[in-house]
Amino acid sequence: MKTFCENSIRMPSGATLDHFLKAVSNETTLNREFIEICTPNSHALKGANIGDIDNKLCFGCLNCIDVEEINYLTVQGSPSQFKTNISLQNTCNKLFQGKYTRFGPAADKLANHSMQKETEISNPLGTLIIWNLSRDPTRTFFCSSPSGELSINTSNHLDSREGHLDITICSPQDKIVCVLEGKASVAAMLRDISRDQWDRYKSQLEKESKENNYTLIFSYLVGGNEIGLYPENSDAPHSTRRLELYKYIEEKNLRFISIEALRSLRAYQLSISKEWNWETWFPKLFADNRFIGLLAGGIVTKENDVYSLRKAPWCK
Amino acid sequence: MANIINRAEYGNLGCLWGVFKSRFTSSGDEIKPMDLKCSPEYGINPIDVCPGRQELPEHIAKHLGRTHYCPFLKTRTDERICQWVHAIGDNDSQKSKPVGQTCIAMNIFGLCDLITQSNGILKKIKWTAEAEDILNLSWGSSELNEYLTKKILSYGPVVNLIHNLHKSTSMLIRNTDLYQVLSILPTNEPVETICQNGTITRVQTWDGNTSNDAVTRSTTALLMLCASANLVKPVGYPTDYDLTPFRYSNWLTERALDNKKHFPRKWSINKSQIEQIVSNGLDLSNGITYEHFIPKATDRNLGNRCRCCKENVINNARIQFGNKSKNRKLLLIEALRKANETNTMISLSKLAEVSLQDEQFYISKDSQYETILNIERFNVALYGYINTLENDYLTPTINVLSNNAICAPSFVKLRIEELLNNDEIFVERLY
């Protein structure tokens, strides 16, 4: 079972994406920082063993699970000391099929937990899931909330304050960097429209990644319940914020990934395809002009001005 | 540098005690601010003796090589280790800011003197005899609570706050209600700065707070100090708890452990306590002194660059004209002191007129009177030298001590004495 991650990198104050990409080219000189896998502050993990997990507090992010432990999960995705008959594979067969779905019988636990605090819960949670989804986690590095965000100098005469990148995770050997702007929920995303982070950040990030020969993945990462992120013509239950959200997505040409989708990918990786990694699939998805968002039920695309939910390309 | 703390966490005095106990050597010893930081080089670090420290589970302690963590940091494994001073090494992104704030806080509480360079940058701190006197008191003891409370109540900005809370008709206040009285106002006088290459840039002096954020942060920090002194009580504070530095710090720790790491924003005013302090007479033995009359030049706005050498023109203006701003404030404070001693009022128009005799006391001749009337009298009030204005006449509402000028150059003090010898400045009080 994993309890710590040593791949969080502490960069000096004011360091930008450019500084980070240059720093990771020499792994031996990186300032690594221990972070607890069960976020925040080993929320449900009181010791170093599976027996120390408080199942009531565990929300089944699957970050602490190793591949050999997948037969030791409760129905809620929590690790157990005892071998269980729960088949993660059966659950995962329903994921990413182009139909609305939710992971497991306790999907609300993750949604409720992740929507509480952006910097202290949803951002580090998302970072650690992506880190786990790496081709080689030992050589994948990140800077993220709650205290390691990179800076982005988008200050101007009207606003002297620099911006911060919530999550930056990169694979130096694949030359891919993923920058995610975290939002605790759909409501939080809509609340921050006036900050115009997408337009302010995108061109600067593209410039800095291009100068370092990196492929950039830039997206929103949305915590909480993902129902509001499903397109109108999908089979997802009604959401009052959907029209408003898609109007915003249309206006800014945004991309998004939900925390639930990331957790689903982790389950998919653990039970169905151990080879699944973000370095292979994220560039393929984001290079496709039709791609808009990634959800547990599939991918959202825009074709002929219509937003639809489709089966993910990795599903047979 | 203005020695007003401007980070909310520096209002938690449990942390002050932890840093002080772990780093004090002997009265008169000087140390560099960076020596306050946590480091494996020291046998004892603030986190080892801090009253708010929390024990780490064994498996985490083994990984980190330390046994305790600070509950106010966002994660237990945070390499900054202590919210006040942070830890030494390249991993500390905040560099000297946290120790700078710590030094200011320790100075407010009489534990150290600040030794600064001519540009205002803090060079060293020197432990005081007072610090040695309280070293063996225990955290939570009534003697220590009394010592800390006395220091808070005589601290200039808190004196100003007491004065304003006393006047307030409301029983509840929010942080935002106090921004007006806790802002160091800029005088905004037009000046020309000359860069190293001789390029002249016309700017306005910006000798006030560096940003709106600074006011927000210092307001919360000052209210935190006021809570330790039982002047205000945060909404939600248990009714059966009394308010002392010890109790308030404990309460903050309990909240942090409950994952409530934000600081209070709404407070109830302890009217009876304030009434008693005012009726006993306000004590200004811990006012802001000359060297701290204007904040350090730290403007970072990229738009404020010299077009030829890219130096920050606002910072340059502050360096070039800062002393004049400080001298003018000292002139006003000394006038208030004299008016208090002679039981007179100050004619502001006459004071402005007299101050124009020496260019060390004005920046713009045209705006000198308006600057003193509309800006500087509020700034000196924030520093503790509270006053009231009626028509053109300014009356001190506090006993101003002579320690405010302690670090001013002797020629400035001498010149002030000469200027204030003009009897027309002081007029008899009407009551």
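This is a predicted model: local features need pLDDT of at least 70, side-chain atom pairs count only at pLDDT 80 or more; totals for chains, interfaces and linings use all residues.
Chain A holds nine helices and 12 strands. Chain B is divided into domain 1 (8-137) and domain 2 (156-228 + 283-428). The largest nonpolar core has 110 residues, and both of these domains of chain B give residues to it, so the core lies between them.

**Chain A: overall build**

- Chain A contains nine helices, together with 12 strands.
- The radius of gyration of chain A is 19 Å, close to the 20 Å that the globule rule gives for 316 residues, so chain A is as compact as a globular protein of that length.
- The C-alpha trace of chain A spans about 60 × 50 × 35 Å along its principal axes.
- Among the 316 residues of chain A, 47% count as buried.
- Of the contacts in chain A with a separation of 6 or more, 69% are made by residues 24 or more positions apart.

**Chain B: two domains**

- Domain 1 of chain B covers residues 8-137, while domain 2 of chain B is made of 156-228 + 283-428.
- The centres of domain 1 and domain 2 of chain B, taken over C-alpha atoms, are separated by 31 Å.
- Contact between the two involves nine residues of domain 1 of chain B and 10 residues of domain 2 of chain B.
- On the side of domain 1 of chain B that touches domain 2 of chain B, four residues are nonpolar, five are polar and no residues are charged.

**Nonpolar cores**

- In the largest nonpolar core, of 110 residues, the members that touch the most others are B:Val158, B:Cys226 and B:Ile346.
- Helix H12 (residues 313-341) of chain B supplies the largest share of this core, with 11 residues.
- Domain 1 (8-137) and domain 2 (156-228 + 283-428) of chain B both contribute to this core, so it lies between them.
- Leaving aside residues up to four places away in sequence, B:Cys226 touches B:Val158, B:Leu161, B:Leu231 and B:Val232.

**A three-strand sheet in chain B**

- Strands of a sheet pair through backbone hydrogen bonds, either parallel or antiparallel.
- An open sheet in chain B has three strands in the order E1-E5-E4, with antiparallel pairing.
- Strands E1 and E4 of chain B are the edge strands, and each of them pairs on one side only.
- Strand E1 (residues 30-31) of chain B runs antiparallel to strand E5 (residues 122-127) of chain B, and two bridges join them.
- Within this pair, B:Glu30 has B:Lys126 as its bridge partner in E5(B), and B:Ile31 stands opposite B:Ile125 in E5(B).
- Strand E4 (residues 112-116) of chain B pairs with E5(B) over five bridges, also in the antiparallel sense.
- B:Lys126 in E5(B) is the bridge partner of B:Asp113 as well as of B:Glu30.

**Cis peptide bonds in chain A**

- A:Thr39 and A:Pro40 are joined by a cis peptide bond, with omega about -5°.
- A:Pro40 is in the loop between strand E2 (32-36) and helix H2 (88-92) of chain A.
- A cis peptide bond also joins A:Ser145 and A:Pro146, where omega is about 15°.
- A:Pro146 belongs to the loop between strand E3 (141-144) and strand E4 (150-152) of chain A.

**Positive phi in chain B**

- B:Asn188 is not a glycine, yet its phi is positive, at about 50°.
- B:Asn188 sits in the loop between helix H8 (179-182) and strand E7 (190-194) of chain B.
- With 16 other C-beta atoms within 10 Å, B:Asn188 is partly exposed.
- B:Asn343, also not a glycine, has a positive phi of about 55°.
- B:Asn343 lies in the loop between H12 and strand E11 (344-347) of chain B.
- B:Asn343 has 11 other C-beta atoms within 10 Å and is exposed, because a residue with 12 or fewer counts as exposed.

Notes. Residues are numbered from 1 along each chain as its sequence is written. Chains are lettered from A and ligands numbered from 1 in the order in which they are written. Domain bounds come from an automatic or database domain assignment. Two residues are in contact if their C-beta atoms, placed from the backbone, lie within 7 Å. Ala, Val, Leu, Ile, Met, Phe, Trp, Tyr, Cys and Pro count as nonpolar, Asp, Glu, Lys and Arg as charged, and the others, Gly among them, as polar. Helices (H or I, at least four residues) and strands (E, at least two) are DSSP runs, numbered from the N terminus. The radius of gyration is taken over C-alpha atoms; the globule rule is 2.2 Å times the number of residues to the power 0.38. A residue is buried if 20 or more other C-beta atoms lie within 10 Å of its own, exposed if 12 or fewer, and partly exposed in between; C-beta atoms are placed from the backbone. A nonpolar core is a set of buried Ala, Val, Leu, Ile, Met, Phe, Trp, Tyr and Cys residues joined through C-beta atoms within 7 Å. Two strands pair if DSSP finds at least two bridges between them.
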